[in-house]
Amino acid sequence: MKIYKYIGVALMVLSLGACKTDDLERDIDALKDRVTAMEAKVDRLNESMNMIRVALDGNKTIQSYTENEDGSYTLTLSDGNTITLTQGEIGATDVYQEVSISTDGNWVIGGVETEHRALAVGGEPGVTPQFRLTMESEGKYYWEVSYDGELTWEEVKSQQGTRVYASASGSSSVAGPIASAAPNATGDKFEITLTSNGTKYEIPIVSGLACAITEPNPEDMENGYWIVPITLPAVTTSTSVDLKGDAVLVSAPEGWTVTAEIGNGTLTIIPPAQDGAEGIITLQVNKGIYWAIDQIKVRSKRVITSLKAEYELGDGFYIGDELVSKETYPGGTLIENGGTISKSGVHFIAGGANISISSNLATTEAPLVIVGDDPNNPPTITLGGYFLSSENLLCKNVKLVRTGTYMFNVNNDVNKVIFDQCEIELSGSFGYSTNSYTIVDFQFVNNKVKFTGTAGSLAGGMNFVNFANVKITNANISNNIFYSKSDDTSARGQFFTVKETAIKLENNTFCNYIQNPQGIKAKLTGDWSVRYNIFYSNISVASNNTSYLIWALEGSTFPASNDAFESNVAYNAVEENATVWNVFYFSTSSGTSSEIPDGYDLKSRIPQEEESPLQIVDWENGKFVSSKAGYGATIE
């Protein structure tokens with residue numbers, strides 16, 4: 001049983017003066033004793049509330065009980081929980097609010113009827129109030145109550161609407177919510193009488209009768225629901241149960257397949273093929289005329305284990321914002337380990353497979369779509385050449401390794417180029433072209449890009465995109481990690497050079513990647529933004545260590561607010577020869593726009609953080625966790 005205790009204790013010693021050490025120790029010990037007594041009182045009150053819940057529900061029996069030396073009873077219930085129950089007085093306190101149940105079946109706390117149900121309605125059990133004491137000031141405590149399993153708390157209020165206090169040193173003894181609790185004369189029932197109205201409840205004592213569903217791991221629970229995955233093909237989900245008795249009855253929501261047997265120890269479930277289906281699974285076990293019942297709330301959740309299966313079903317999936325289905329991109333095939341891709345089409349690569357593409361792969365006749373089938377186990381594709389696109393190029397959930405000078409080129413106008421959830425390892429550039437074409441939509445989202453380069457502290461020529469004559473109408477580069485091969489090397493290069501673009505560069509993380517000699521170099525148009533990015537370096541480099549974020553070419557337009565390009569942060573882990581993080585590259589002779597807003601300092605720097613905005617988890621595999629809310633990439 002989960003009992004939450006919250007007793008705040010604060011000791012403020014402003015001046016010890018001539019106080020003796022033993023006097024101070026006695027004061028501290030006395031305070032500890034008072035707090036311990038209060039904790040025990042709250043424990044007994046909450047145990048009583050749990051016992052009342054059992055009595056009200058009537059769906060549990062008692063497997064066994066023991067009487068303790070202090071006159072309390074420890075009960076083992078049919079659901080496996082134990083309750084230590086103290087009848088009568090719950091301890092010394094000056095103010096204690098009576099707990100009762102209204103004629104409408106709601107909880108009444110201190111004479112104030114709440115909106116929270118005590119009695120079950122329509123198969124939904126009532127709630128169990130849990131209490132705690134919170135310190136307002138030294139020696140002054142007030143009551144709080146939770147009606148949602150201790151997720152949230154609210155103050156207990158009197159009939160006058162004021163906070164209800166309890167004293168740590170009160171001397172009056174008051175009755176708890178249970179007036180008496182003891183086995184009957186024959187020992188087959190446990191009798192409980194409530195203090196508020198004298199109502200008596202009897203709970204059967206039945207040895208060998210148990211019905212207990214073990215709550216799954218916390219990561220499988222959400223707001224009190226067991227989240228059961230829907231997979232293709234369907235698989236069972238299970239949790240442990242303790243079922244003892246003659247027979248078990250299983251009640252499940254429509255569409256759910258549920259199995260449980262006496263002595264098996266496992267509850268197995270297959271959810272319906274409906275995302276978000278909710279309900280209550282009820283197990284009932286009988287022994288003779290007695291029944292024990294336990295329940296668990298369940299909710300289904302779609303979990304994709306095969307993107308090809310999603311494709312075959314017709315629902316499809318998204319790469320960036322592009323829907324890939326049999327209708328939009330027909331003809332999908334599966335490539336196993338050791339295979340290759342030699343032409344355009346829709347290619348699914350088996351989970352964990354290793355394949356190679358030995359030469360340049362042109363997308364001249366149809367789009368090229370490459371997808372790792374298993375979202376949790378991406379394949380690895382080694383490229384001996386580059387992608388040459390004149391049709392759509394879409395990649396998702398694959399690891400791409402390219403040891404040549406670049407990975408992607410264009411030889412015609414292209415509608416869409418999208419890379420989503422990929423890991424890319426480069427010894428040179430991602431994209432390079434001297435041709436004059438247009439890419440309408442360029443999306444690079446949720447990826448990791450590792451620049452391997454050559455040995456040394458600063459590897460040059462590590463360009464991301466160098467398309468000096470290509471117009472990219474809309475470019476979205478968001479939630480990516482760009483990093484060098486190790487924490488003791490650094491890569492530098494032209495980050496994004498195009499003829500013209502409306503770019504969105506947001507929430508990216510750059511680790512030991514210096515945008516030099518230029519960062520974004522383009523005629524900037526439309527509603528562009530460069531913000532919420534993190535720039536990190538721990539390398540001391542004597543030359544080429546100035547990073548330029550924006551090189552706005554002649555004719556560029558600027559957003560109305562500087563927030564579009566001011567909200568970035570940088571961090572240097574070294575002081576000597578540290579990287580200089582500039583917002584703008586400015587040179588009138590090089591065609592820099594003269595339309596930069598008046599009053600903006602062209603020599604301004606990206607703000608540097610005093611503490612690192614990143615937690616370095618695993619540099620080799622590109623695991624960097626942002627510690628600055630709203631900034632940097634978030635990739636599992």
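## Ground rules

Residues are numbered from 1 along each chain as its sequence is written, and side-chain values use heavy atoms, with hydrogens and water left out. Because the model is predicted, local features need pLDDT of at least 70 and side-chain atom pairs count only at pLDDT 80 or more, while totals for chains, interfaces and linings use all residues.

## Two nonpolar cores

In general, nonpolar side chains in soluble globular proteins tend to be buried together. A nonpolar core here is a set of buried Ala, Val, Leu, Ile, Met, Phe, Trp, Tyr and Cys residues joined through side-chain atoms within 4.5 Å. Buried means under 20% relative accessible area, exposed means over 50%, and partly exposed lies in between (1.4 Å probe, protein chains only).

The largest nonpolar core has 67 residues. Which members touch the most others? They are Phe430, Phe442 and Phe496. Strand E42 (residues 465-478) gives this core its largest share, 6 residues. Strands (E, at least two residues) are DSSP runs, numbered from the N terminus. A second, separate core holds 35 residues, including Val145, Tyr147, Ala166 and Ala181.

Now look at Phe442. Leaving out residues up to four places away in sequence, Phe442 touches Val417, Phe430, Val465, Ile472, Asn474, Ala475, Asn476, Ile477 and Phe496. Contact means heavy atoms within 4.5 Å.

## A strand covered on both faces

In a regular strand the side chains alternate between the two faces of the sheet. Strand E43 (residues 481-484) is covered on both faces. Ile481 and Tyr483 are buried on one side, and Phe482 and Ser484 are buried on the other.

E43 has parallel partners. Two strands pair if DSSP finds at least two bridges between them. Strand E41 (residues 448-451) pairs with E43 over 4 bridges, in the parallel sense. Here Val449 stands opposite Phe482. Strand E46 (residues 509-511) also runs parallel to E43, joined by 3 bridges. Tyr483 faces Cys511 in E46.

## An open sheet and Ala247

An open sheet of 5 strands runs in the order E17-E18-E24-E23-E20, with mixed pairing. Its edge strands are E17 (221-222) and E20 (247-251), and each pairs on one side only. Strand E18 (residues 225-230) and strand E24 (residues 290-302) are parallel, with 5 bridges. Trp226 stands opposite Val298 in E24.

Ala247 sits in strand E20. Ala247 touches Ile262, Gln284, Val285 and Asn286, not counting residues up to four places away in sequence. Ala247 and Ile262 are 15 residues apart in sequence, and their C-alpha atoms are 6.6 Å apart.

## Gln615

Gln615 lies in strand E54 (residues 614-618). Gln615 counts as partly exposed because its relative accessibility is 47%. Beyond four places away in sequence, Gln615 touches Lys623, Phe624 and Val625. Gln615 and Ser627 are 12 residues apart in sequence and 6.7 Å apart in space, C-alpha to C-alpha.

## The second largest pocket

The second largest pocket is lined by 23 residues. Pro375, Asn397, Gln421, Ile635 and Glu636 lie nearest its centre. On a 1 Å grid over the protein atoms alone, a pocket is an open set of points where a 1.4 Å probe fits, with protein on both sides within 12 Å along at least five of seven lines; lining residues have an atom within 4 Å of a point.
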